[in-house]
Amino acid sequence: MPEPRLMAHLRSTVWGPAEFVGLPPWWLAAEGLLVGSVGVGAIVGATVAGAWYGIPGLADGEGGLVCAVAIVLYLCVMRAGRALVGIVALLAVCLALQAPQAAVGLVLAERGRVESAVVTSVEGGPGALSGRGRYLCAVADGDGVPLRVRIWRGCGQATRPGDELAVVYDAKERVPPRGVEAGTSRSGPLRGLGGWAVTLVTACVVAVVRSYRLSRTATGPPAWQASAAGTDRAAQSPPC
């Protein structure tokens, strides 16, 4: 009947055909795991390399967005389900947008130096329209030169102009300074990306597994459907 065939086609287009019985082949799951792992490594690695070597296009997350597009194009070539491709695209873009701040934190944790800075003004707070309700401190270094960025780590309601804040600087001045946050480790900046990374890898595995299709004949339908149709016609034909 045309309606069940149409619904089956829509399900195959949206979520992927998954033309296998039982568990998926191990090599198919391995391929999905490889695609997701390489994609996550490329997005995060490109951003960290940009922050480490001072390459603005990579440090700002643009390189990660290019890697996200590459993952989506690969899944489109695999003819994965459109809904799953959309989910992977959303997760990849979110990871690429979250990676720059984590990359800056990693660089500062590896080669940053901590110095005192003097608070010149305090803005923001819970009622502010910007800054996510944070208090933002404008600070100046020991020579009285104001920093181009405002500090929110260590800046609170009790902070007043003239107070001192601990600020960590990049020794090579390739990433902006930020306030010192207590209880952070060297792996802490990247740990926040773990949830996004695991979810993206899982979505890639599901998309690749469900994109599996049986080999098709020259006329279009899968070989098992053509064989089944031939058997039915032979059974229905009258004997000679």
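These legends describe close-up views of a predicted model.

**Figure 1. Overview of the chain and its elements.** The chain holds 8 helices and 4 strands. Read from the N terminus, their order is α-α-α-α-α-β-β-β-β-α-α-α. The chain has 240 residues, and 33% of them count as buried. Its accessible surface is about 14,300 Å², with 62% of that area belonging to carbon and sulfur atoms. Among contacts with a separation of 6 or more, 71% come from residues 24 or more positions apart.

**Figure 2. Packing of helix 2 against helix 5.** Helix 2 covers residues 26–53 and helix 5 covers residues 82–111. Their axes are 8 Å apart and form an angle of about 40 degrees. Helix 2 and helix 5 are therefore oblique to each other, and their crossing is right-handed. On the helix 2 side, the contact is made by Val40, Ile43, Val44, Thr47, Val48, Ala51 and Trp52. Helix 5 contributes Ala92, Leu95, Ala96, Ala99, Pro100, Ala103, Leu106, Val107, Glu110 and Arg111. Sorted by class, the residues of this contact are 14 nonpolar, 1 polar and 2 charged.

**Figure 3. Packing of helix 4 against helix 5.** The axes of helix 4 and helix 5 are 9 Å apart, at an angle of about 165 degrees. Because angles over 145 degrees count as roughly antiparallel, helix 4 is roughly antiparallel to helix 5. The crossing of helix 4 with helix 5 is right-handed. Helix 4 supplies Gly64, Leu65, Ala68, Ile71, Val72, Leu75 and Cys76 to the contact.

Figure 4. Most residues other than glycine have a negative phi. Alanine 18 sits in the loop that runs between helix 1 (2–15) and helix 2. With a relative accessible area of 15%, alanine 18 is buried. The loop between helix 4 (62–77) and helix 5 contains arginine 79. Arginine 79 counts as partly exposed, at 47% relative accessibility.

**Figure 5. Isoleucine 151 in the loop between strand 2 and strand 3.** Isoleucine 151 is buried, and its relative accessible area is 2%. Leaving aside neighbours within four places in sequence, its contacts are Tyr135, Leu136, Cys137, Val139, Val167, Pro177, Arg178 and Gly179. The C-alpha atom of isoleucine 151 is separated by 8.9 Å from that of leucine 165, which lies 14 residues away along the chain.

**Figure 6. Arginine 153 in the loop between strand 2 and strand 3.** Strand 2 spans 135–140 and strand 3 spans 164–170. Arginine 153 has a relative accessible area of 15%; the cut-off for buried is under 20%, so arginine 153 is buried. Not counting residues up to four places away in sequence, arginine 153 touches Arg178, Gly179, Val180 and Glu181. Arg178 and Gly179 are listed for arginine 153 and also among the contacts of isoleucine 151.

Technical notes. Residues are numbered from 1 along each chain as its sequence is written. This is a predicted model: local features need pLDDT of at least 70, side-chain atom pairs count only at pLDDT 80 or more; totals for chains, interfaces and linings use all residues. Side-chain values use heavy atoms; hydrogens and water are left out. Axes are lines fitted to C-alpha atoms, for helices over the stretch in contact, and angles run from 0 to 180 degrees between N-to-C directions. Helices (H or I, at least four residues) and strands (E, at least two) are DSSP runs, numbered from the N terminus. Angles under 35 degrees count as roughly parallel, over 145 as roughly antiparallel, 65 to 115 as roughly perpendicular and the rest as oblique. A crossing is left-handed if the near helix is turned anticlockwise from the far one by less than a right angle, and right-handed if clockwise. Contact means heavy atoms within 4.5 Å. Ala, Val, Leu, Ile, Met, Phe, Trp, Tyr, Cys and Pro count as nonpolar, Asp, Glu, Lys and Arg as charged, and the others, Gly among them, as polar. Buried means under 20% relative accessible area, exposed over 50%, partly exposed in between (1.4 Å probe, protein chains only). Accessible areas come from the Shrake-Rupley method with a 1.4 Å probe; for residues, only the protein chains shown count as cover.
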